[in-house]
Amino acid sequence: MATILRINMADRTYTLEDLPEKYKYLAGRGLTSTIVHDEVDPLCHPLGPNNKLILSPGIVTGTSAPTSARISVGAKSPLTGGIKEANSGSGFPPSLAKMGIRAIIVEGQPEEKDEFWMVYLTWDGEAGRPKVEFLPADKYVGKNLYKVFPKLLKRFGQVNIAGIGVAGENLYNNSGVVFDDIQGRPSRYAGRGGLGAVMGSKGLKFIVLDAKGAPGVELANKELFNQGRKKLTEALMQHDITKPKGALNSYGTAVLINILNEAGGLPTRNFSSGRFEGAAKIAGEAVFEGNKERLGKELYNHACSPGCIIQCSNTWYNPDGTELVSCQEYESIWAFGANCGIDSLDATGELIRLCNAYGLDTIEMGTTMAVAMESGLLEFGDADTAIALMREVGKGTPVGRILGAGTATTAKVLGVTRAPVVKGQAMPAYEPRAVKGIGMVYATSTMGADHTSGYTICPEILGVSGKVDQFDRDKAALARGFLEATAFIDSSGHCLFIAFAILDIASGFEGVVEECNGVLGTNWTMDDVGRIGKEVLAKERAFNLAAGMSNKDDRMPEFMKIETLPPHNVTWDIPDETLDAVFGG
Amino acid sequence: MITVHAKLFATLRQYRPGLSIGEAFPVELPDGATVGDLVRQLGLPEDQVKLVFVNALFRGLDHPLADGDEVGIFPPVGGG
């Protein structure tokens, strides 16, 4: 029987509740967004006692389904003021699922300010249920997560960790929830939307999870599950993008730097150009070549979490062969690289490492730094000052706190009108003026500007699931389809990157649906994918509406309508009616 | 004859070893040559050519090239 673990941080108590019938088929984003919708007052302060932090592994997480070690984290976002789901891969999600816990709900707030606690979650074999202890965590506060994670692993043994860094402790709107990677690094993030601050506002520093002895995930139909798992595995092993030594395994996600640059859609110097002259130096190919030179051998990428076939996570090494950071992803390299005019992987690596050390979202931090550069606080391309400013963020100095408040707030404080945000959340690494469909997703997503809520880049740039013209303006249906399918994948427990394979290989997509049926005992068909996604989005939109948002928030920043973007010299020219048609038409 | 400036990325770089990442090299082609002609002249396996950008615009194999065109050629890639 699946359970919900409800933790009250006001008095450090907990209850284990049977999963309500109405949540029987929900997990991952579907469940976090439903609980936020059902239990959180949309008008509450995101950092007050009435917000709740929800963590839920996906439907197939904890099983042998490939590339499925994902967890969704949800709450009302302090960054956007709306609903938020951010997800991450880690060993934490399968461990949680194996305990039969479908969701953790963290609620309440301690009266004592500046006290931090850990939840130590273990499996009580005798009682046959999870057990929670509350332990003081004050000695880990204010510290670099790269120092703290090894201490926790030494103290508790083979555990998984969910937690926050100084960014979450200081209630920065830019603060993520961090999870351990496969080697125990503090490097896998449910990064976006300030969820670390929600956790911090509850005085919760870590959830330390030891799943030893836990029974594992029950399968309603093992045969069907295995059939689905096989189909998906075959699709992932076969597709050029996801197969071993394919594009993602060889070059990592940053293989996209050159392609977006060629397409004129790589946001550069705070979204003032679609091309960066230093792109080749920070591309995935440069990561591969640079490591080869420094290590004297070819290095392929590794899994961020157990059971992943795609294995896209890289490590960047210093000239002396020691590790600088894992992982330099496309978004992170872009945010601190092209978008800040910095063309050095050593510099982007150090900036990313500091984000991991402090508990920050790399996208939001890089776009914030670019806004600071535009304001004249530092020059574009000045990596040394950027690193110095990052340390201010880590120390919590006044300038550090401003930068930690995110791109929109920093732009207001520094008087920068070119603020690339929707609903207060900064845009990721695709220029919407040059790639119209992803711009429609940024505008209409319930999450604020977020490429992972509808990755239309597949057909618009990559030629996955066919090829459409990146400048075509009639994409309301395309955006809607991707938004819905993604809400389903985010609920399934699979990494979104399975989409590269299953959009091209239909049997792979069938396999995902069969896996879900095999776990839940449902009879879903491919038609249910859109329905389920639609239902998740409807709850998220209802929450945002009740929180005070409207279709007027589904809009792009004004500067994109006024300023033309080189090299294509295009503006944001999608009519508001087309944006409204994404959900209304 | 026309001269175009080609760039090979990711796994296609092995077909012109010794160039730095993103480095363009000149290729002479007969007048009226297409992207497909360029791909064949460079000896690239067609099933590994997924995306071609000519002067920053996505183009198919039948697209006619002009003197001075910049052509970026990619295998299947993905990320995010």
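**A hairpin to start with**

In chain A, strands E1 and E2 form a hairpin with four residues between the strands, and A:Arg12 there takes a positive phi near 55°. Keep in mind that this is a predicted model.

**Strands around the hairpin**

- Strand E1 (residues 3-8) of chain A pairs with E6(A) in the parallel sense, over six bridges.
- In that pairing, look for A:Ile7, which stands opposite A:Val106 in E6(A).
- E1(A) is also joined by six bridges to strand E2 (residues 13-18) of chain A, and these two run antiparallel.
- Here A:Leu5 is the residue that stands opposite A:Leu16 in E2(A).
- As a bit of background, strands of a sheet pair through backbone hydrogen bonds, and the pairing can be parallel or antiparallel.

**Helix H1 of chain A**

- Helix H1 (residues 28-39) of chain A has twelve residues, which at 1.5 Å a residue should span 16 Å; the end C-alpha atoms are 16 Å apart, so the two values agree.
- H1(A) is mostly covered, with ten of its twelve residues buried.
- Among the buried ones are A:Gly28, A:Leu31, A:Ile35, A:Val36 and A:His37.
- What do the buried residues of H1(A) pack against? On the strand side, the partners are E3 (53-57), E4 (70-76), E5 (83-89) and E6 (101-107) of chain A.
- Two helices of chain A, H18 (476-492) and H21 (526-546), are packing partners of those buried residues too.

**A residue to look up: A:Ser507**

- You'll find A:Ser507 in helix H20 (residues 506-520) of chain A.
- A:Ser507 counts as partly exposed because it has 15 C-beta neighbours inside 10 Å.
- Setting aside neighbours within four places in sequence, A:Ser507 is in contact with A:Lys231 and A:Ala235.
- A:Ala235 is 272 residues away from A:Ser507 along the chain, yet their C-alpha atoms are separated by 7.4 Å.

**Two domains in chain A**

- The domain assignment of chain A gives domain 1 (3-210) and domain 2 (253-300 + 313-422).
- Taken over C-alpha atoms, the centres of domain 1 and domain 2 of chain A are separated by 27 Å.
- Domain 1 of chain A brings 24 residues to the contact, and domain 2 of chain A brings 20 residues.
- On the domain 1 side, the elements that give two or more residues are helix H3 (145-156), helix H4 (166-169) and strand E11 (186-190) of chain A.
- By class, that side of domain 1 has ten nonpolar, eleven polar and three charged residues.

- Chain B has an open sheet of five strands in the order E2-E1-E5-E3-E4, with mixed pairing.
- Its edge strands, each pairing on one side only, are E2 (25-29) and E4 (57-58) of chain B.
- E3(B) and E4(B) run antiparallel and are joined by two bridges, and B:Val54 stands opposite B:Leu57 in E4(B).
- How many residues of chain B are in contact with chain A? There are 18 of them, in contact with 31 residues of chain A.
- Strand E3 (51-54) and strand E5 (70-74) of chain B are the elements that give two or more residues to the side touching chain A.
- That side of chain B has eleven nonpolar, five polar and two charged residues.

Conventions:
Residues are numbered from 1 along each chain as its sequence is written. Chains are lettered from A and ligands numbered from 1 in the order in which they are written. This is a predicted model: local features need pLDDT of at least 70, side-chain atom pairs count only at pLDDT 80 or more; totals for chains, interfaces and linings use all residues. Two residues are in contact if their C-beta atoms, placed from the backbone, lie within 7 Å. Ala, Val, Leu, Ile, Met, Phe, Trp, Tyr, Cys and Pro count as nonpolar, Asp, Glu, Lys and Arg as charged, and the others, Gly among them, as polar. A residue is buried if 20 or more other C-beta atoms lie within 10 Å of its own, exposed if 12 or fewer, and partly exposed in between; C-beta atoms are placed from the backbone. The expected span of a helix is 1.5 Å times one less than its number of residues. Domain bounds come from an automatic or database domain assignment. Two strands pair if DSSP finds at least two bridges between them.
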